[in-house]
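Come along while I look things up, one entry at a time.

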Amino acid sequence: MNKVFSKPKSMKNASTHYCPGCGHGVVHRIICEVIDELDIREKVIGIAPVGCAVIAYDYWDFDVTEAAHGRVPAVATGIKRVKPENIVFGYQGDGDLAAIGTAEIIHAANRGENISIIFVNNAVYGMTGGQMAPTTVLKQKTSTTPFGRDKKRDGFPLKVSELLATLPGVSYVERVAIHDPQHILKAKEAIKRVFQNQINGLGFSLVEVLSQCPTYLGHSAKEAVRWVAEEMIKEYPLGVFRQ
Amino acid sequence: MTKKVLMCGNEVLAEAGIMAGCRFYAGYPITPQNEIPAYMSRRMPEVGGVFIQAESEISAVNMVFGASLTGVRAMTSSSSPGISLKQEGISYLAGCQLPAVIVNMMRGGPGLGNIAPSQSDYFQATRGGGHGDYRQVVLAPASLQEIVDLTVLSFDLADKYRMPVMILGDGILGQMMEPVELNPKSIPQRCSGQEIQNPKIEKDWVLDGCKGREPRVIKSLLLGEGELERFNLRLQEKYALIKDKEVRYEVLYGDDSDIMLVSYGTTSRICRSVVERLRRQGKNAGMFRPISLWPFPERALKELAERINKFFVVEMSCGQMVDDVKLSIECRKPVYFYGRTGGGIPTEEEIIGELQKGIDAGC
């Protein structure tokens with residue numbers, strides 16, 4: 001009998017702790033598939049963020065460390081500068097990358113560090129219980145915007161990909177989504193590219209993945225997927241912003 | 001004879017770091033330690049190392065975190081306000097058991113304070129300025145020659161115990177020039193442990209890709225029931241070993257003194273002159289100088305308190321190390337304190353005057 005589908009070698013045989021319908025599991029798996037396909041598992045050093053994905057190392061079967069909240073790009077910089085032969089990637093959520101770690105991501109990008117960043121934007125803080133994220137869209141209700149995000153009080157959704165695309169040190173930025181199989185395949189291509197760019201020494205590459213958090217969007221898994229496809233993409237258009 | 005060179009303390013420290021095998025430095029400008037990053041920016045490329053001027057103190061310490069987890073000897077430096085920002089990273093280094101050397105050339109605080117020398121970060125350095133149940137080794141040089149020795153020692157201890165080590169100096173030590181031999185001498189006096197010099201420590205925990213071995217994880221999140229408590233107790237065992245093996249101090253006239261001045265770093269240089277002056281006047285004064293501020297030389301001080309009747313602590317702060325002196329001697333003998341703060345530097349005359357007042361008051 002031919003085996004036609006199995007877990008990637010880079011993925012541990014474990015069930016994830018993520019909520020039903022959460023996008024993290026899909027993104028984790030895509031990363032592992034890409035690492036297998038590029039045959040870089042033995043060279044990879046991953047950096048887990050603070051947030052729901054902090055224990056990504058329980059699912060990834062390669063070297064992984066864990067950075068303080070928002071500091072993934074600084075830790076990645078330290079690793080890659082002394083170990084250029086390794087493939088260094090960071091995995092960050094929207095609170096981690098776009099709020100507490102804004103300085104780190106902008107400056108790592110601006111230095112053109114030859115690292116790969118997977119930025120998962122689900123418009124909400126998941127781990128801490130659904131607070132407003134920098135990427136929460138206007139009028140979106142969260143536990144700290146109970147009446148909806150108000151631009152006067154809370155400011156505007158932060159568009160990380162557009163922002164980083166203005167920096168000359170950045171080699172590639174793309175925003176993708178994972179709400180249906182077609183988009184998942186496109187997301188995989190983009191994730192493969194951020195790794196391939198590092199292998200080719202092209203410098204800083206980031207892919208922003210729009211993802212769904214059914215629990216804190218207050219939706220069913222199915223409805224959360226629809227929300228990303230119909231509402232979130234309006235605020236965060238997909239596409240390549242710099243290459 | 002080894003050639004002596006004239007350099008400022010910050011440069012001496014940077015070169016000693018290079019000699020110790022430091023091959024990664026990240027920092028952020030702040031006075032009075034700017035000569036360290038400037039020196040490293042020139043020197044690191046010559047030895048095949050990495051220098052990065054980071055966007056913040058926070059980033060700098062996290063870059064050190066990243067470099068250290070690959071096994072490279074890594075260092076960052078700053079001065080008081082910047083060290084406050086590094087505390088998050090230091091706590092993570094401790095939690096992940098990563099070696100690193102952090103230099104604090106102290107200046108006046110609180111807040112932005114000023115750029116004059118100070119010793120007011122003693123609490124922060126020895127009590128763990130970051131969160132959690134952790135300790136860091138803190139070494140306090142008093143001369144440029146000692147900066148050489150203690151910098152090399154810092155890297156050795158950081159690797160040996162897999163933990164952050166802080167070199168606690170001040171603006172005077174960083175800025176002043178003295179002739180030094182750029183050759184680490186024997187580790188300072190009365191080291192209670194074994195001397196170690198550039199040991200070849202096998203780092204079997206680094207992340208460098210999982211080729212030919214099982215994947216490794218370096219982390220500090222321990223969510224399982226009782227997991228963090230067990231880990232913290234293991235850290236405590238390590239700290240107990242350090243308290244046993246790595247205490248360092250110097251005693252001047254320990255055998256025949258009636259009063260013992262206690263001071264560290266720059267202040268101890270002034271107190272040394274005070275002691276010699278008093279001796280010339282026929283007064284039996286001595287000095288106790290902690291070199292390791294953590295582990296603090298508790299036992300040595302306690303033993304001294306059996307035959308010495310008065311202790312006089314001098315600091316460039318409003319009184320921080322004085323707490324450790326009192327704890328060490330269990331308040332069995334009077335402890336008098338004199339300090340200057342906010343950039344004030346005690347003079348010999350002031351110290352002698354205050355000492356006399358203390359004696360007159362029957363302290």
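**Entry: getting my bearings**

I remind myself that this is a predicted model. I started with chain A and found 9 helices and 7 strands in its secondary structure. Its radius of gyration is 17 Å, close to the 18 Å that the globule rule gives for 243 residues, so chain A is as compact as a globular protein of that length. I also looked up the extent of the C-alpha trace, which spans about 50 × 50 × 30 Å along its principal axes. Of the 243 residues in chain A, 56% are buried. I then asked about contacts between residues at least 6 apart in sequence: in chain A, 67% of these join residues at least 24 apart.

**Entry: the sheet**

In which order do the strands of the open sheet of 8 strands lie? I read S7(A)-S5(A)-S6(A)-S4(A)-S3(A)-S1(A)-S2(A)-S9(B), with mixed pairing.

I went through some of the pairs. S3(A) and S4(A) run parallel and are joined by 5 bridges; in this pair, A:Gln92 has A:Phe119 of S4(A) as its bridge partner. S1(A) and S3(A) are parallel too, with 4 bridges, and here A:Val44 stands opposite A:Ile87 of S3(A). S1(A) also runs parallel to S2(A), again with 4 bridges, and A:Gly46 stands opposite A:Val64 in S2(A).

Next I followed A:Val64 into chain B, where its bridge partner in S9(B) is B:Val217. Strand S2 of chain A (residues 63-66) and S9(B) pair in the parallel sense over 2 bridges.

**Entry: a strand in the sheet**

Is S1(A), residues 44-48, largely enclosed or open? I found that 5 of its 5 residues are buried, so S1(A) is largely enclosed by the rest of the structure. I recalled that in a regular strand the side chains alternate between the two faces of the sheet. In S1(A), A:Val44, A:Gly46 and A:Ala48 point one way, while A:Ile45 and A:Ile47 point the other way, and all are buried.

**Entry: helix H7 of chain A**

I picked out H7(A), residues 181-199. This helix has 19 residues and reaches 27 Å from its first C-alpha to its last, close to the 27 Å expected at 1.5 Å a residue. Its buried residues include A:Ala187, A:Ala190, A:Ile191, A:Val194 and A:Phe195; A:Lys188 and A:Arg193 are buried as well.

**Entry: a loop residue, A:Asn122**

I looked for A:Asn122 and found its place in the loop between S4 and helix H5 (151-154) of chain A. Is A:Asn122 buried or exposed? With 28 C-beta neighbours inside 10 Å, A:Asn122 counts as buried. Leaving out residues up to four places away in sequence, A:Asn122 touches A:Gly23, A:Asp94, A:Ser211, A:Gln212 and A:Cys213. A:Gly23 is 99 residues away along the chain, yet its C-alpha atom and that of A:Asn122 are separated by 8.4 Å.

**Entry: where chain B meets chain A**

How many residues does the contact take from each chain? I noted 32 from chain B and 29 from chain A. On the chain B side, the elements that give two or more residues are S2, S3, H3, H4 and S9 of chain B. H3(B) gives the largest share of that side, 8 residues. By class, the side of chain B that touches chain A has 18 nonpolar, 8 polar and 6 charged residues.

**Entry: the domains of chain B**

I finished with chain B itself, which is divided into domain 1 (4-181) and domain 2 (251-360). Their C-alpha centres lie 27 Å apart. The contact between them takes 24 residues from domain 1 of chain B and 21 residues from domain 2 of chain B. On the domain 1 side, H5, S6, S7 and H7 of chain B each supply at least two residues, and H5(B) has the largest share, 4 residues. I sorted that side by class too, and it has 14 nonpolar, 8 polar and 2 charged residues.

Definitions and conventions: Residues are numbered from 1 along each chain as its sequence is written. Chains are lettered from A and ligands numbered from 1 in the order in which they are written. This is a predicted model: local features need pLDDT of at least 70, side-chain atom pairs count only at pLDDT 80 or more; totals for chains, interfaces and linings use all residues. The expected span of a helix is 1.5 Å times one less than its number of residues. A residue is buried if 20 or more other C-beta atoms lie within 10 Å of its own, exposed if 12 or fewer, and partly exposed in between; C-beta atoms are placed from the backbone. Two residues are in contact if their C-beta atoms, placed from the backbone, lie within 7 Å. Ala, Val, Leu, Ile, Met, Phe, Trp, Tyr, Cys and Pro count as nonpolar, Asp, Glu, Lys and Arg as charged, and the others, Gly among them, as polar. Two strands pair if DSSP finds at least two bridges between them. The radius of gyration is taken over C-alpha atoms; the globule rule is 2.2 Å times the number of residues to the power 0.38. Domain bounds come from an automatic or database domain assignment.
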